[in-house]
Amino acid sequence: MRDDIDVLVHEVGTRDGLQAIDTIFSTEGKMAWIKREAEAGVPQIQVGSFVPPKLLPQMADSGEIVKQSIQIPGLTVSALAPNLKGAENGMAAGAHQIGVVMSVSEAHNMSNVRRTTQDSLDDFARIVEFRDTHPEYKDVCLSGGMATAFGCTISGAVPLPEVMRVAEGLLERGADRLSVADTVGYANPGQVKELFDELYRTVGSDIAIGAHFHDTRGLGLANAFAALEAGVRELDSSLGGLGGCPYAPGASGNIVTEDLVFMLESMGMRTGVDLDGLLEAREIMERQLKDEPVHGTFAKAGLPLGFKYASAA
Ligand code: ZN
């Protein structure tokens, strides 16, 4: 991570948010959002997902979006891929980081991608092999994503040993980093602290680990704080909390980027992000929405008197 920031804020609204709503943004509209948010200092943005356009028409222009986004100076461009084909397309477009997600819950993985978690791990190994046999992609970071790590809508609670087994499996197969996701908004802060404590004990503290929270039940920022307490320094979030949850109609999406940045900076943790710039990006995003709600409280209240951005210790 850059040495001028303490926590990496990873915007995922341009993927997780947009894929959860009906409005389809134009390529220009997405780029206006991405550019303004990068200009505000957000260091990493997940700009798309390399899934078949038939499944997610919102993501059909992901190749073009990646190509344009990598022209933005200083921005790390990430994208999701569900399988080898998607990962190949993502790398060909020039993404710096590819996130490959599998569900820790066997039942969820089966219903989502019709594969056992073992098959998904084998697929991850093939993606690593593809990267390693193509020198032009040697710098691509492959992130192993663990969805439903805190609970699952099909099987309920997900036992910690299963999370550890998948984490070790991903690292054995060459994952450069891990991302742990509360895909359906089941996590609570106590559970988050326990999971990340156990994860660092299991895989060591040298591995970069990101956390992905949804605010489905109002615990999103509390969960982010618990992850920080455990040592996590990379957090996913979504501008205006754009998005939702397929299992909870009307629910909010990811934790809200501007609220998260405000929390981190207030606590003395540098993000490199300018909050006024974020609000401008939020307006650019909001103008393109039809009926979808946006969330977050910072945008309503603004900066408190005497607020200071975090500075180097
Ligand atoms: Zn998500």
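Modeller: Before we start, an axis here is a line fitted to C-alpha atoms, for helices over the stretch in contact, and angles run from 0 to 180 degrees between N-to-C directions. This is a predicted model, where local features need pLDDT of at least 70, side-chain atom pairs count only at pLDDT 80 or more, and totals for chains, interfaces and linings use all residues. Residues are numbered from 1 along each chain as its sequence is written, and side-chain values use heavy atoms, with hydrogens and water left out.

Biologist: Okay! What makes H4 and H6 roughly parallel to each other?

Modeller: Helices are DSSP runs of H or I with at least four residues, strands are runs of E with at least two, and both are numbered from the N terminus. The axes of H4 (residues 84-93) and H6 (residues 117-132) cross at roughly 30° and come within 9 Å. Angles under 35 degrees count as roughly parallel, over 145 as roughly antiparallel, 65 to 115 as roughly perpendicular and the rest as oblique. So H4 and H6 are roughly parallel.

Biologist: Which residues in H4 meet H6?

Modeller: Leu 84, Ala 87, Glu 88 and Met 91 do, and in H6 they meet Asp 123, Arg 126, Ile 127, Phe 130 and Arg 131. Contact just means heavy atoms within 4.5 Å.

Biologist: Why is Ala 92 called exposed?

Modeller: Exposed means over 50% relative accessible area, buried under 20%, and partly exposed in between, with a 1.4 Å probe and protein chains only. Ala 92, which sits in helix H4, has 55%, so it is exposed.

Biologist: And why does Ser 143 count as buried?

Modeller: Ser 143 has a relative accessibility of 3%, so it lands in the buried class. This residue belongs to strand S5 (residues 141-147). Beyond its neighbours within four places in sequence, Ser 143 is in contact with several residues, including Phe 124 and Arg 177.

Biologist: How do you know which residues coordinate the zinc ion?

Modeller: Donors are N, O and S atoms within 2.8 Å of the metal (3.2 Å for Na, K and Ca), and water is not among the atoms, so sites may look incomplete. Asp 16 (OD), His 212 (NE2) and His 214 (NE2) coordinate the zinc ion at 2.0 to 2.1 Å. Their spacing in sequence is D-x195-H-x1-H. Both His 212 and His 214 are buried.
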